[in-house]
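Please look over the model below.

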Amino acid sequence: MSIQNPILRGFNPDPSIIRVGYDYYIATSTFEWFPGVQIHHSSDLVNWELVTRPLDRVSQLDLRGVPDSGGVWAPCLSYHQGTFYLVYSNVRSFQGVWKDSPNFLVTTTDILGDWSAPVYLNSSGFDGSLFHDDDGKKYYLSMIVDHRKAKLFGGIILQEFDEQAGKLIGAVHHIFEGTELGITEAPHIYKKDEYYYLILAEGGTEYGHAVSVARSKGLLGPYEVHPQNPIITTRNTPEAPLQKTGHADWVETPEGACYIVCLAARPLSRLGRCTLGRETVIEELIWRDGWPYLNNGTKLIREEIPVPRPPTPPKKEGDYRLSVPLWRGEGGWTTQRDDFNNSLSINFQSLRIPMTEDWCSLNARKGYLRLYGQESLSSLHYQSMVARRVQHFHFEAETCLEFQPLHFQHLAGLVCYYNTYHWHYLHLSANENGAPTLQITSCDKYDIQESPDTPLLLPADTPVYLKVKWNRADIQFFYATEPDNWQTIGQVLDGSILSDDYVRDEQ
């Protein structure tokens, strides 16, 4: 039995892991996508399934107008005495020296059920977490933003949280100023034996990313840095297949083994672009002289980790258990189909706004998903888009579209999307005479270009089948007016522009 990394493939960054009994849960960031925060479940650390997105109401998460890659950053999931706690940021601006990042807390006693109304914490930084100490007190910690002289990172702060009052109380303590790696973020505190351990992301969320560890016998410090810090990084090993490792959290099994999860990315080439985004990986930890180390003797995350088969716990009525693996690797094709009958697959999300009946309906025409047009692909407010993550380097997606455009400003189709200014869009529209046309439009750095090989005139009132094949960096669109009679449309497009690396290089 072995774990195959990444365990959460395709856009699942900033993992936070907990164990409750024999059940493991990982929460990851969702940025501007709604509902907010993905939570996956596993009973063996090997097979993981997406089971819920807890921030499913605008009262918990209002994303209208948040910038690209804003919204939900770095959720922290914790559990204490029968209650689940989820801390998250809703980042509303981050360009320049000012960062608007209000932080909130929601709770529940049923992780698959409804979560509470949000409790506002503060807006002084982001990447917050909640620590439950042995004496029953709770503490909120995060990095703090310091805009003076564009410093940005002002250290790690800690403040007590009064659960009864629903607010932070008492003094704000600066407990750690980071290491020489810099860009210190994502603090988590754990208590083990006689020490408090502080785990941090450092070095920036790119190829210099790292996991740092410090410890102290007192909660407020001083914290000494791990003698071989960082404990995880690929900053000096560009040949490693799993790059950008950082932003970590760890968990103990019922048998006392320790595992650490962190984000990683798989580049198309050596230190190249990562079209699958930041994913979640796992590795085993061991303890030596009171410090954690990777059990493999390196600072690198392995692609495959042997694990003993865990004991099978006795099932009780109402227990949730994962029954089948979500995926079986790249070796064979896995097909997922949604017939739009009663509800959308949990894999789908929308941009910034909830899927509501007024623009996204499964009831207007049974067996179909009906979308009512709103604003353009450049909008930060109201887009009629339903999308899912790309999770593999080789994939195909197809759909059938019934649409009668009456004007050149009427568009509907299939889009490969990174953000409001990086996308490739195969869409049905109309020409000046009102005749339906099929064309490809791409956006790169705000520059919107129509494919020179399109538009194509199509018969009126005819369903159109649309398909995309994405092979590593290559995107090829197809269309058909009869089932399975696929024809290529347009040239091969550059899918690598739909990546963090390309977009950040252009900013």
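## The β5–β6 hairpin

L45 takes a positive phi near 70 degrees in the hairpin of β5 and β6, which has 6 residues between the strands. Strands here are DSSP runs of E with at least two residues, numbered from the N terminus. β5 covers residues 38–42 and β6 covers residues 49–52. The two run antiparallel and are joined by 3 bridges; strands count as paired if DSSP finds at least two bridges between them. H41 has E49 in β6 as its bridge partner.

## Basis of the model

This is a predicted model: local features need pLDDT of at least 70, side-chain atom pairs count only at pLDDT 80 or more, and totals for chains, interfaces and linings use all residues. Residues are numbered from 1 along each chain as its sequence is written, and side-chain values use heavy atoms, with hydrogens and water left out.

pLDDT is the predictor's confidence in each residue, from 0 to 100. The protein has a mean pLDDT of 93, and 94% of its residues reach 70 or more. Over residues 316–331 the pLDDT is below 50. Beyond near neighbours in sequence, this stretch has 28 contacts in the model (heavy atoms within 4.5 Å). Where pLDDT is low, the predicted coordinates should not be read in detail.

## Aromatic rings

The structure holds 18 aromatic pairs. Rings of Phe, Tyr and Trp (its six-membered ring) pair if their centres lie within 6.5 Å; planes under 30 degrees apart are stacked, over 60 edge-to-face, and the rest tilted. F11 and F31 form a tilted pair, 5.5 Å centre to centre with 35 degrees between the planes. F11 lies in the loop between β1 and β2, and F31 in the loop between β3 and β4, so the pair ties together parts that are 20 residues apart in sequence. Both F11 and F31 are buried (under 20% relative accessible area; exposed is over 50%, partly exposed in between; 1.4 Å probe, protein chains only).

Ring pairs also link Y190, Y195, Y197, W250, W287 and W291 into a cluster. The charged end of R215 sits over the ring of Y195, 4.1 Å from its centre. This requires CZ of Arg or NZ of Lys within 6 Å of the ring centre and within 35 degrees of the ring normal. R365 likewise places its charged end over the ring of Y368, 3.7 Å from the centre.

## Cysteines

How many disulfides does the structure hold? It holds 0; a disulfide is a pair of cysteine sulfur atoms within 2.5 Å. For C274, the closest cysteine sulfur is in C262, 14 Å away and too far for a bond. C274 is buried, with a relative accessible area of 2%.

For C400, the closest cysteine sulfur is in C360, 17 Å away and too far for a bond. C400 is partly exposed, at 39% relative accessible area.

Note on methods
Helices (H or I, at least four residues) and strands (E, at least two) are DSSP runs, numbered from the N terminus.
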